[in-house]
There are 2 protein chains.
Amino acid sequence: MQIVKTISEVRRLILHARNAGKTIGFVPTMGALHKGHLSLIRASRKECGFSVVSIFVNPAQFGPKEDYQEYPKDLKRDTRLIEKEGADLIFAPESTEIYPEGYQTYVEVQKFPQGLCGKYRPGHFQGVATVVLKLFHIVSPDRAYFGWKDAQQLLIIKKMVEDLNLSIKVIGLPTVREKDGLAMSSRNQYLSPEERKSAPLLYKNLKNVKRTVETKQKSLKEALKETQKNLNKNPLVKLQYLEAVDLKKLETVKKDTRGKILVALAAFLGSTRLIDNIIIHVGSRKIS
Amino acid sequence: MQIVKTISEVRRLILHARNAGKTIGFVPTMGALHKGHLSLIRASRKECGFSVVSIFVNPAQFGPKEDYQEYPKDLKRDTRLIEKEGADLIFAPESTEIYPEGYQTYVEVQKFPQGLCGKYRPGHFQGVATVVLKLFHIVSPDRAYFGWKDAQQLLIIKKMVEDLNLSIKVIGLPTVREKDGLAMSSRNQYLSPEERKSAPLLYKNLKNVKRTVETKQKSLKEALKETQKNLNKNPLVKLQYLEAVDLKKLETVKKDTRGKILVALAAFLGSTRLIDNIIIHVGSRKIS
């Protein structure tokens, strides 16, 4: 496995693999890898002949008051984990390699970022879409892997790829969880032991929404209201949003919305912001 | 030569050419071809094994009060001209093929569009950048050809390609002119015989700026002021802007700006908006 820092070098190695007839799989990350990332690399390894992992903490997707400077970095540990999964190439550029002086081009998906996290992190998804498009151009993958934990991100990237006519298959893989249900996240390491104990509440409540709505014990509206109340009871949890949107247009669910619905939340535990989500099925047809 | 309307078909034919080892050249146009366009096709033919011309009047780059509906269309005539130049493929999609329902992704180059035409056509260059990026993804050319007549457009596209790490060589070719100096433009056909007679004034004045500044008869500031006055004397010409910017950053020229300078203008002749430009060299080194 090779670790490279420059665009020209990563291009050269990928061209070599492509000329050898290999399919290129790509897993973009911000490092601080956990089992969720590793499941993406594993899928790429299984489906593609040449797997590229990028490690880049993208300044463009952090707000001025967010944790860009503090974001955990441990390239040695990440490298060891990626190598163990059998990936072929790590691309770990400096920020000036990606955003050189005079940089000024940004991609905007306009509607999908309006609700959920996008509402609370202005500019975040523009930063995500821009860096992912750049990485797609650099790596030119056939397949790219993202986790469902960042559902809105996944759906925005799928939309961007569709709208901009990129020939890349974007694959979303299930959220990997701790035994107690907490979604794996690089930010979990910020949690105090107390906060860590409360963190599984988030997914527990999401599962409860799914169960009560799908078995028609409660309407979605009622279930969300109750969940909000439940979560706010815990003094360590500060809910930022709990929202239900349809999976096709990411629009707030109305009374007559049917089909797959994304129920997503963000909450602060202390100063750590965690997100999670679940997909539920509303409608007369079979409940998945 | 083939004419196709769908993205899937154009992709199939280009993949075929690429698999045969051919270099792909691309000339994006809005149709209503003139000798300027034909010079681009000729360059592509000379340098590439497979030349693609797109014809698409891009709604996203027209303002609400601009001439989108009236923009001249003559696919038969365009096809004949392109075939004569020996291009291999015309891509002439409907607008729903490029912007299907739910479309919502746009690219923005942030600084380069701030002056010149960008100031008077808000959103124009976002529309241009977006459609060109989409066409680049669809056609995946090695080389793409644009005219210097639309200098700001050319420089914005070059910047986008650089910033987004596209592996495409963007080539700018000289403005093709009528015998009397008027820059070829699809919009020249809108001009009344009277307006047509006044139109060469634009380039005549630009050449005068170049001459007087490069021979140090006048400062750039003086020359621009005089030109503005000159052009405003003609009752048929309504100058929108006459501006000088450095060619690297497209920033308004200051007293100490040296090197290549783009002097550009836009003017209305009746309701027809024409643009033109010239490059001058300011500085102590040899004047080009």
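Predicted model: local features only at pLDDT ≥ 70, side-chain atom pairs only at ≥ 80, totals over all residues.
**Entry: domains of chain A**

I began with the domain assignment. Chain A is split into domain 1 (2-173) and domain 2 (186-282). I looked up the distance between the two centres, taken over C-alpha atoms, and found 26 Å. Then I checked where the domains touch. The contact involves 13 residues of domain 1 of chain A and 14 residues of domain 2 of chain A. On the domain 1 side, helix 5 (116-120) and helix 7 of chain A each supply at least two residues. I sorted that side by class: 9 residues are nonpolar, 3 polar and 1 charged.

**Entry: the open sheet in chain A**

Next I traced a sheet. In what order do the strands of this open sheet run? I read 1-4-3-2-6-7 for its 6 strands in chain A, with parallel pairing. Strand 1 (2-4) and strand 7 (169-173) of chain A are the edges, and each pairs on one side only. The average twist from one strand to the next is 25°.

Strand 2 (residues 24-29) and strand 6 (residues 143-147) of chain A run parallel and are joined by 2 bridges. A:Gly25 has A:Arg143 in strand 6 of chain A as its bridge partner.

Then I turned to the helices on these strands. Helix 1 (residues 7-19) of chain A lies across strand 1, strand 2, strand 3 (50-55) and strand 4 (89-91) of chain A. I noted that helix 1 of chain A runs at about 140° to strand 1 of chain A. Helix 3 (residues 75-85) of chain A also packs on the sheet, where it touches strand 1, strand 3 and strand 4 of chain A. The direction of helix 3 makes about 165° with that of strand 3 of chain A.

**Entry: where the chains meet**

I moved on to the contact between the chains. Each side is listed: 20 residues come from chain A and 20 residues from chain B. On the chain A side, strand 5 (105-109), helix 6 (124-139) and helix 7 (151-163) each supply at least two residues. Which element of chain A gives the most? I found strand 5 of chain A, with 5 residues. By class, the chain A side holds 10 nonpolar, 5 polar and 5 charged residues.

Strand 5 of chain A pairs with strand 5 (residues 105-109) of chain B in the antiparallel sense, over 5 bridges. One of the partners I looked up is B:Thr105, which bridges to A:Val109.

I then asked how the copies are related. Chain A superposes on chain B by a rotation of 180° with 0.0 Å of shift along its axis, at an RMSD of 0.0 Å. That is the relation of a two-fold axis. In chain A, the C-alpha nearest the axis belongs to A:Val107, 2.2 Å from it. Of the interface residues of chain A, 100% are also interface residues in chain B, so the copies meet through the same surface.

**Entry: two details in chain B**

First, a helix pair. Helix 2 (residues 35-47) and helix 3 (residues 75-85) of chain B pack at about 35°, with axes 9 Å apart. The crossing is right-handed. B:Leu38, B:Ile41, B:Arg42 and B:Arg45 in helix 2 meet B:Leu81, B:Ile82 and B:Glu85 in helix 3. I counted 4 nonpolar, no polar and 3 charged residues in this contact.

Last, a hairpin. Strand 9 (residues 259-269) and strand 10 (residues 272-282) of chain B pair antiparallel over 11 bridges. B:Ala266 stands opposite B:Ile275. The turn puts 2 residues between the strands, and B:Gly270 in it has a positive phi of about 65°.

Notes
Residues numbered from 1 in each chain as written. Chains lettered and ligands numbered in written order. Axes fitted to C-alpha atoms, helices over the stretch in contact; angles between N-to-C directions. Helix = DSSP H or I, 4+ residues; strand = E, 2+ residues; numbered from the N terminus. Left-handed = near helix turned anticlockwise from the far one by under 90°. Contact = placed C-beta atoms within 7 Å. Nonpolar A, V, L, I, M, F, W, Y, C, P; charged D, E, K, R; others polar. Pairing = 2+ DSSP bridges. Least-squares fit on C-alpha atoms with pLDDT ≥ 70 in both. Domains from an automatic or database assignment.
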